[in-house]
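Look at the sequence and the structure below.

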Amino acid sequence: RERTSPKNRFNLYKTTPLEKKDQNGNYIRSTLAEYDEAWGKEYNPEFYRFANRLGPESYINKSLMDIYEPGSVMKPIVMAAALDDGEITEYTRYFESAPIKVGEFEIKNSDNKYLGSQSMTNILERSANLGMVFITQKMGKPLVYNALKKFGFGEYINMPIAGEAPGIITHYKKWSDAQLLNAGFGQGFAATPLQVIRAWSTLANNGYLVNPYIVDEIRYADGTIEKTKEKRTKILDVKVSESITKMLISAVENGVAKRAQVEGFYIAGKTGTSQIARIDGPGYENLKEEGSTITSFIGFAPVDNPKFLILVKFDRPRAGDRTYGSTTATPTFAKVMKFVLEYTNATPDKNSKK
């Protein structure tokens with residue numbers, strides 16, 4: 001720990017973990033609001049921050065211990081479930097003209113544009129929330145809930161690592177109408193990044209949900225080799241995964257995810273920007289405040305025979321009053337994917353017809 005002083009106030013962010021010493025000299029948890037309130041008073045407790053800047057959180061394996069609301073990276077998953085259940089086809093269209101009122105709230109498109117008749121591909125290209133409202137309304141609460149469970153959300157992956165979180169999904173009988181609609185764009189339930197990766201493996205593996213593992217094989221002293229048995233479960237028709245992959249390619253080539261492009265390769269991917277639930281009551285943090293979102297991008301390549309599935313996630317990026325997955329996580333994804341494709345000498349595929 002290191003003591004903070006008023007001159008360090010501007011170096012402290014709203015999520016900076018703080019402690020203070022009580023009158024007996026014991027360390028107890030504190031908050032930034034308490035820190036601000038205390039200075040200048042007659043009794044001025046000593047406040048401390050962690051030298052590692054993150055506090056105990058630095059020991060968390062965020063891939064499988066940290067839960068968050070995934071946001072729009074869930075749109076292809078929910079759309080795939082709707083295609084597989086026959087609620088929509090890849091040729092289905094919907095009409096949007098204005099935000100949708102749900103109780104005291106409004107659901108809007110992130111670009112604040114309402115472009116009339118739109119296709120399923122347009123939903124992923126523009127990341128249109130109203131398109132997912134259309135889909136979840138057609139599916140209904142039981143079907144959306146069952147789809148999330150089918151893709152492995154709300155359950156343990158059972159990785160051989162301590163501390164895995166199962167995520168949080170309430171039963172559909174407890175859902176409000178708003179929660180049904182929000183589920184279509186990844187809000188109203190919580191998942192780990194690894195759960196999101198596993199769900200997306202279905203799109204990259206011809207409809208098979210693939211369980212992740214760490215050790216590929218064990219080589220014993222006597223020369224025996226024990227290969228890890230890959231666990232995969234068929235949950236989507238192969239035609240559905242192919243259709244969604246084509247839409248995701250278009251989302252990168254023609255949509256808001258253009259910054260995910262890698263020279264010589266098609267990328268199938270999707271942006272995500274999610275709000276952060278308040279810890280002091282219901283609802284979400286104010287989007288107008290800096291650092292009030294979680295941004296992400298997930299995608300795979302090469303698309304004909306995927307070798308790499310990468311999720312980039314930023315917690316509370318600070319770059320103005322509103323930060324999106326398309327402007328933060330997406331360029332980072334492109335750099336990482338470019339590196340691994342070049343490092344493994346992957347064959348460029350962008351000259352082939354899609």
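Is K227 buried, partly exposed or exposed? This is a predicted model, and in it K227 has a relative accessible area of 49%, so K227 is partly exposed. The cut-off for exposed is over 50%.

K227 takes part in two pairings of charged side chains. Side chains of opposite charge can pair when their charged atoms come close. One partner is D216, in a salt bridge with an N to O distance of 3.1 Å. D216 is in the loop between β9 and β10 and K227 is in strand β11, so this pair links parts that are eleven residues apart in sequence. The other partner is E217, where the closest N and O atoms are 3.6 Å apart. E217 belongs to strand β10, so here the parts tied together are ten residues apart in sequence. D216 is partly exposed at 37% relative accessible area, and E217 is partly exposed at 22%.

The loop that holds D216 also holds V215. V215 is partly exposed, with a relative accessible area of 42%. Together with I161, I214, I218 and Y220, V215 forms a nonpolar patch on the surface, with about 420 Å² of accessible area in total.

The structure has 16 salt bridges. One of them joins the side chains of D315 and K62, at 3.3 Å from N to O. D315 is in strand β15 and K62 in the loop between β4 and α2, so the pair ties together parts that are 253 residues apart in sequence. Salt bridges with shared partners connect K62, D66, K313 and D315 into one network.

I244 is one of the buried residues of α8, as are V240, M247 and L248. The cover over the buried residues of α8 includes α2, α3, α7, β13 and β14. What span should α8 have? With 17 residues at 1.5 Å a residue, α8 should span 24 Å, and its end C-alpha atoms are 24 Å apart, so the two values agree.

Definitions and conventions. Residues are numbered from 1 along each chain as its sequence is written. This is a predicted model: local features need pLDDT of at least 70, side-chain atom pairs count only at pLDDT 80 or more; totals for chains, interfaces and linings use all residues. Side-chain values use heavy atoms; hydrogens and water are left out. Patches are made of residues with over 30% relative accessible area and no salt bridge: like charges are joined within 9 Å, nonpolar side chains (Val, Leu, Ile, Met, Phe, Trp, Tyr) within 5 Å. Accessible areas come from the Shrake-Rupley method with a 1.4 Å probe; for residues, only the protein chains shown count as cover. A salt bridge is a side-chain nitrogen of Lys or Arg within 4 Å of a carboxyl oxygen of Asp or Glu. Helices (H or I, at least four residues) and strands (E, at least two) are DSSP runs, numbered from the N terminus. Buried means under 20% relative accessible area, exposed over 50%, partly exposed in between (1.4 Å probe, protein chains only). The expected span of a helix is 1.5 Å times one less than its number of residues. Contact means heavy atoms within 4.5 Å.
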